[in-house]
Amino acid sequence: MRDSRTARRSDRARSITLHTVVILGALVMLFPFVWALVTSISPGSGLSATPRIIPEDPSLAAYAQLFGDLPFVRVALNSLGLAVTATVAQLVTSAMAAYAFSRLPFRGSGAVFAGYLVTMMIPFQVLIVPLFVEMKSLGLVDTYLGALLPTLASGFGVFLLRQAVNQVPRELDEAATIDGAGHLRIFARIVVPNIRPALATLTVFAFMSSWNSFLWPLIILRSQELQTLPVALQALQGQYTTQWDVVMAGSVVSILPMLALYIFAQKYVVQGVASSGLK
């Protein structure tokens, strides 16, 4: 009896310690976001000001200035359009390539898939110059298409979805084949519904990557009306060096779509990472 009571006390103490550490970690992670939000509604605040959780005189003047004096709506729509297009393209190309690697073996498929994996190890900065030369030769500098082309396919997406397709029982394919289904129907009716968690995971990763992309849009897009959100935020910081409420208002606007997407797809992201074997 005494041993069991001691064991329960030990488990309770371990649980309390674990929850305390998790809560403290969550507070540390959330503080920058809370501080950015508070700063955005605190007129005249700056980086040197004492951080406050509750603003003294809250105001939405920074947001009014952000959307009134600057073409921020157009910039946000640029980023949203590019991110949605790149995400949809990566979902389609990655899913089809994953199905081919998993269900349609061909000579040299292992080497081709290894080539996809190698692309994940190459820093994007190394590819900037050849990509720009290629886009210039195609006449796509300062165009949406030029900004989109390098993001239409993803080696990581192929790897993630191939792992998910491998988890789908092949018996389902065989049963569908007996019923007269071809590869396109098997892919659309059987494989895709069974890898929805992995697709949701790729959606979050692809959208965040495109939404936060800074270097490539900075180089390929020259016109102000074509600017994306990260580039505009950098220009905003240079223009309003002392108006940190305006800068933080832009940061909050840039965070909201990603936050909403992650909250919506959180359950599927956990399932997708678990089912695909990605750790």
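**View 1. The buried residues of helix α2 in the predicted model.** In helix α2, which spans residues 61-68, the buried residues are Ala62, Tyr63, Gln65 and Leu66. These four residues lie on the same side of α2, because the arc they cover around the axis is only 160 degrees. In an α-helix there are 3.6 residues a turn, so residues three or four places apart point the same way.

**View 2. The protein chain as a whole, shown for orientation.** This model is predicted, and its secondary structure comes to 13 helices and zero strands. Read from the N terminus on, the elements therefore follow one another as α-α-α-α-α-α-α-α-α-α-α-α-α. When contacts between residues at least 6 apart in sequence are considered, 76% of them join residues at least 24 apart.

**View 3. The crossing of helices α9 and α10.** Two packed helices are described by the angle between their axes and the distance between the axes. For helix α9 (residues 183-194) and helix α10 (residues 196-211), the axes come within 5 Å and cross at roughly 70 degrees. Because angles of 65 to 115 degrees count as roughly perpendicular, α9 and α10 are described as roughly perpendicular to each other. On the α9 side the contact is made by Val192, Pro193 and Asn194, and on the α10 side by Arg196, Pro197 and Leu199. Sorted by class, the residues in this contact of α9 with α10 are four nonpolar, one polar and one charged.

**View 4. Ile186 and its surroundings.** Ile186 lies in helix α9, and with a relative accessible area of 3% this residue is buried, because the cut-off for that term is under 20%. Leaving aside residues up to four places away in sequence, Ile186 touches Tyr99, Asp173, Ala176, Thr177, Ala181 and Val191. One of these residues, Ala176, is ten residues from Ile186 in sequence, and the two are 6.8 Å apart in space from C-alpha to C-alpha.

**View 5. Asp142 in the loop between α5 and α6.** Asp142 has its place in the loop between α5 (124-137) and α6 (144-148), where it is partly exposed, with a relative accessible area of 23%. The phi of Asp142 is near 65 degrees, which is a positive value in a residue other than glycine. Most residues other than glycine have a negative phi.

**View 6. Glu225 and the residues it touches.** Glu225 is found in the loop between α11 (215-220) and α12 (229-239), and with a relative accessible area of 42% this residue is partly exposed. With residues up to four places away in sequence not counted, Glu225 touches Arg74, Asn78 and Tyr144. Glu225 and Arg74 are 151 residues apart in sequence, yet from C-alpha to C-alpha they are 6.9 Å apart in space.

Notes: Residues numbered from 1 in each chain as written. Predicted model: local features only at pLDDT ≥ 70, side-chain atom pairs only at ≥ 80, totals over all residues. Heavy atoms only, no water. Axes fitted to C-alpha atoms, helices over the stretch in contact; angles between N-to-C directions. Helix = DSSP H or I, 4+ residues; strand = E, 2+ residues; numbered from the N terminus. Parallel < 35°, antiparallel > 145°, perpendicular 65-115°, else oblique. Contact = heavy atoms within 4.5 Å. Nonpolar A, V, L, I, M, F, W, Y, C, P; charged D, E, K, R; others polar. Buried < 20%, exposed > 50% of the residue type's maximum accessible area, 1.4 Å probe, protein only. Arc of directions from axis to C-beta.
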